[in-house]
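Subject: Structure handover

Hello,

Here is the structure I promised to pass on. Please open it next to this email as you read.

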Amino acid sequence: MVMNRIAAIGFDLFNTLITLDPPALNEAMDRLIESLEKHGIMIDAESFRKAHREAALRFFEQARLDGRETHNRFWISAALHAQGHDFPPEDPRIAGAVEAYFSVFSEHCHLIPGSTETLRTLKEVYPLGLLSNFTHAPAAMEIIERLGLVEFFDVVLISGAIGYRKPHPLVFQKLAEGLRAETAKILYVGDDPEPDIAGSQKAGLQPVWTTYVRDHHIPLVQSILSSPSDPEDHVPRISTWEEFLHLLGMKR
């Protein structure tokens, strides 16, 4: 089986190793708005939320076209501009709002059952890497540190720090470089069909589609750019970590 020829394994983060409580995004927006108002930027909350989402969609669509990562500071600046405020993305008040927004995340992230034990088992055999699409890298690092995941990875790559996001091939190449393995000998495990599965496959890696969150009916936060269709049938699919270890011919 092709799985016997792998030299390293890469993982997505959200809905692959961890989940985020759906209410977190509303609470994050509340904190963002509170931060702006605390610094004297008075806005209409509802119209700001709408403008912020529209801006995020525009910037994400551009990211889909060229692969370059966007950032929340651009969405906030654009949303404020729509309300008649002229604050550039680099304004420290916007930076403060970004930090306020992401302060919610680590409080609402949870490990998918078995993730730690599975990583510990795999670490004895394979180099492991983490590659996540996340606009604000410091917040992502805080999450994986709080959940005790850092120790398992030889390389941690966050799109907000790289400047490019999945499915751009550059990020998968950086993963291969960090793992010191040929792309063809790397498994990449992820939940999102376009960036994780199609992206890794196009870059020459071997994708594995995890549907734990879907199959266990766990409430999840839908990405603005969630893929519309499932991967091709020949892509291995797992619903539990036990199935993944079986795919590898390993026993816990």
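Below is what turned up in it, topic by topic. Please keep in mind that this is a predicted model.

**Aromatic pairs**

There are 12 aromatic pairs in the structure. Phe14 and Phe134 make one of them, and it is stacked. Their ring centres are 5.4 Å apart, with 10° between the planes. This pair links distant parts of the chain. Phe14 sits in the loop between β1 (8-11) and β2 (18-20). Phe134 sits in the loop between β4 (128-132) and α7 (137-146). The two residues are 120 residues apart.

The cut-off for buried is under 20%.

A second pair to look at is Phe60 with Trp75, which is tilted. Here the centres are 5.2 Å apart and the planes are at 55°. Phe60 belongs to helix α2 (residues 45-66) and Trp75 to helix α3 (residues 72-82), so the pair ties together parts that are 15 residues apart in sequence. Both Phe60 and Trp75 are buried.

Ring pairs also build a cluster. Its members are Phe14, Tyr101, Phe102, Phe105 and Phe134.

**His71**

His71 is in the loop between α2 and α3. Its relative accessible area is 11%, so His71 is buried. Which residues does His71 contact, leaving aside its neighbours within four places in sequence? They are Val98, Thr135 and His136.

**Helix α9**

Helix α9 covers residues 169-179. Its buried residues include Val171, Phe172, Leu175, Ala176 and Leu179. These cover an arc of only 145° around the axis, so they lie on the same side of α9.

What covers the buried residues of α9? Among the elements that do so are the strands β1, β4, β5 (155-158) and β6 (186-190). The helices α8 (159-162) and α10 (193-202) are also included.

Leu170 is partly exposed, with a relative accessible area of 32%. Leaving aside neighbours within four places in sequence, Leu170 is in contact with Ile162 and Tyr164. Leu170 and Ala203 are 33 residues apart in sequence. In space they are 8.3 Å apart, C-alpha to C-alpha.

After α9 comes Arg180. Arg180 has a positive phi, near 55°.

**Cavity**

Rolling a probe the size of a water molecule over the atoms shows where empty space is left. How many cavities of 30 Å³ or more does a search of the whole structure find? It finds 1. The largest cavity has a volume of about 30 Å³.

The lining of the largest cavity consists of these residues:

- Thr16 and Ile112
- Thr210 and Tyr212
- Ile238, Ser239, Thr240 and Trp241

By class, 4 of the lining residues are nonpolar and 4 are polar. No charged residues are part of the lining.

Best wishes

Technical notes:
Residues numbered from 1 in each chain as written. Predicted model: local features only at pLDDT ≥ 70, side-chain atom pairs only at ≥ 80, totals over all residues. Heavy atoms only, no water. 1 Å grid on protein atoms, 1.4 Å probe; cavity = no way out; pocket = protein on both sides within 12 Å on 5 of 7 lines; lining within 4 Å. Points joined across faces, edges and corners; volume = space filled by probe spheres on them. Nonpolar A, V, L, I, M, F, W, Y, C, P; charged D, E, K, R; others polar. Phe/Tyr/Trp six-rings, centres within 6.5 Å; stacked < 30°, edge-to-face > 60°. Helix = DSSP H or I, 4+ residues; strand = E, 2+ residues; numbered from the N terminus. Buried < 20%, exposed > 50% of the residue type's maximum accessible area, 1.4 Å probe, protein only. Contact = heavy atoms within 4.5 Å. Arc of directions from axis to C-beta.
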